[in-house]
Amino acid sequence: MGQSTGIAKGILGFPVAPFTEAGKLDEQALFENIRFLVEEGLDAIYIACGSGEFQSLDRKEYEVMIDTAIEAVAGKVPIYTGVGGNLRTAVELAAISEEKGADGFLLLPPYLIQGEQEGLYQYAKEIFESAPDLDAIIYQRDNAIYSVETVRRLAAFPQLKGFKDGVGNMDLNICLTQEFKGRLDFLNGMPMAEVTMPAYVPLGITTYSSAISNYIPHISRMYYEALLAGDQDTLDALYADVILPINSIRKQRNGYAVSLIKAGMEIIGLQTRGYVRPPVVPVTKEHYKEMEQILSKALNKYPRREKISEIKES
């Protein structure tokens with residue numbers, strides 16, 4: 001089994017798909033969202049994935065989102081795309097991603113079907129073979145739960161570089177990280193990953209997707225640095241003041257993993273508004289006011305300072 005050349009590590013940015021009141025993709029707001037993430041030091045951009053409402057995009061919008069990401073990133077960090085759904089569509093999206101120059105793709109679950117392990121293997125295999133020059137990352141969630149044996153078979157494909165967990169089965173995670181240590185890079189992809197990161201770090205998983213980085217990236221960075229430094233006092237304060245209160249709202253309604261991000265972005269003054277596409281629902285007025293209060297207190301206690309990009313350049 002060969003050694004992985006690795007994927008981007010650290011805090012990963014998952015932009016939303018900003019929509020106008022008329023339901024159109026807002027390209028200017030998307031550009032701002034991605035540029036904001038890059039300037040704030042996010043280590044990679046994952047475009048048109050779950051936070052980007054992958055399930056509701058048409059082909060043209062998917063291509064526009066990739067084009068916008070490439071323009072906004074300007075080569076500063078890697079770009080990965082969301083690829084999944086029905087098999088034929090997934091193969092086409094992988095081809096589009098490869099043609100446009102993405103660095104890799106996140107393999108999202110197949111549409112609807114709760115497949116057997118052989119079915120999941122064949123699904124991933126066909127997509128991998130369709131775009132052999134793109135790095136691939138398996139996303140473990142919902143109806144796509146890959147066993148150790150299935151991952152072992154897929155690891156024969158050299159382009160498989162990573163494994164993102166969105167389930168939280170720590171028994172399985174221990175087995176996977178032990179067997180594929182040095183071969184695959186692992187990511188925490190649980191909803192609001194900051195909540196669960198202390199359980200992942202002992203497994204060697206120090207990379208995660210951060211929803212709150214779309215609107216308070218400096219707080220996610222503060223959390224990340226405290227986590228790696230073992231600064232429990234800072235972690236406790238951030239949990240109490242920011243992370244757990246936001247997570248409490250997120251759990252109130254299905255779809256808030258997406259719509260609450262957009263609410264947070266609107267509250268802090270970014271161009272993105274709270275418009276979403278069904279079946280995702282917008283944040284209620286009550287929950288919006290709660291978010292306003294949480295973010296107001298958080299920004300007063302933990303104000304933004306220099307952008308990470310400015311610190312890196314100095």
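Student: Why is Ala-48 called buried?

Tutor: In this predicted model, Ala-48 has a relative accessible area of 0%. Buried means under 20%, so Ala-48 counts as buried. The residue lies in the loop between strand 2 and helix 2 (59–73).

Student: What makes the phi of Ala-48 worth a remark?

Tutor: Phi of Ala-48 is near 60°, a positive value, and the residue is not a glycine. Met-192 also has a positive phi, of about 50°, without being a glycine.

Student: Where does Met-192 lie, and is the residue buried or exposed?

Tutor: Met-192 is in the loop between strand 7 (185–188) and helix 7 (197–200). Its relative accessible area is 6%, and the limit for buried is under 20%, so Met-192 is buried.

Student: Turning to the rings, how many aromatic pairs does the structure hold?

Tutor: There are nine aromatic pairs.

Student: Why is the pair of Tyr-46 and Tyr-80 called stacked?

Tutor: The ring centres are 4.7 Å apart and the planes meet at 20°. A pair needs centres within 6.5 Å, and stacking needs planes under 30 degrees apart, so Tyr-46 and Tyr-80 form a stacked pair. The pair links distant parts of the chain: Tyr-46 belongs to strand 2 (residues 44–47) and Tyr-80 to strand 3 (residues 79–83), 34 residues apart.

Student: How do you know whether Tyr-46 and Tyr-80 are buried or exposed?

Tutor: Tyr-46 has 0% relative accessibility and Tyr-80 has 3%. The cut-off for buried is under 20%, so Tyr-46 counts as buried, and so does Tyr-80.

Student: What kind of aromatic pair do Phe-54 and Tyr-62 form?

Tutor: Their planes stand at 75°, with 6.5 Å centre to centre. Planes over 60 degrees apart count as edge-to-face, and Phe-54 with Tyr-62 is such a pair. Phe-54 is buried at 16% relative accessible area, and Tyr-62 is buried at 2%.

Student: What makes Arg-153 a charge over a ring?

Tutor: The charged end of Arg-153 is 3.7 Å from the centre of the Tyr-121 ring and sits over that ring. The distance limit is within 6 Å. Lys-164 lies over the face of Tyr-139, at 4.3 Å from the ring centre.

Student: Why is Ile-113 called exposed?

Tutor: Exposed means over 50% relative accessible area; Ile-113 is at 55%, so it counts as exposed. With Tyr-111 and Leu-112, Ile-113 makes a nonpolar surface patch of about 400 Å².

Methods: Residues numbered from 1 in each chain as written. Predicted model: local features only at pLDDT ≥ 70, side-chain atom pairs only at ≥ 80, totals over all residues. Heavy atoms only, no water. Phe/Tyr/Trp six-rings, centres within 6.5 Å; stacked < 30°, edge-to-face > 60°. Helix = DSSP H or I, 4+ residues; strand = E, 2+ residues; numbered from the N terminus. Buried < 20%, exposed > 50% of the residue type's maximum accessible area, 1.4 Å probe, protein only. Lys NZ or Arg CZ within 6 Å of the ring centre and 35° of its normal. Patch = residues over 30% accessible without salt bridge, like charges linked within 9 Å, V, L, I, M, F, W, Y side chains within 5 Å. Areas by Shrake-Rupley, 256 points an atom, 1.4 Å probe, with all protein chains shown as cover. Salt bridge = Lys/Arg side-chain N within 4 Å of Asp/Glu carboxyl O.
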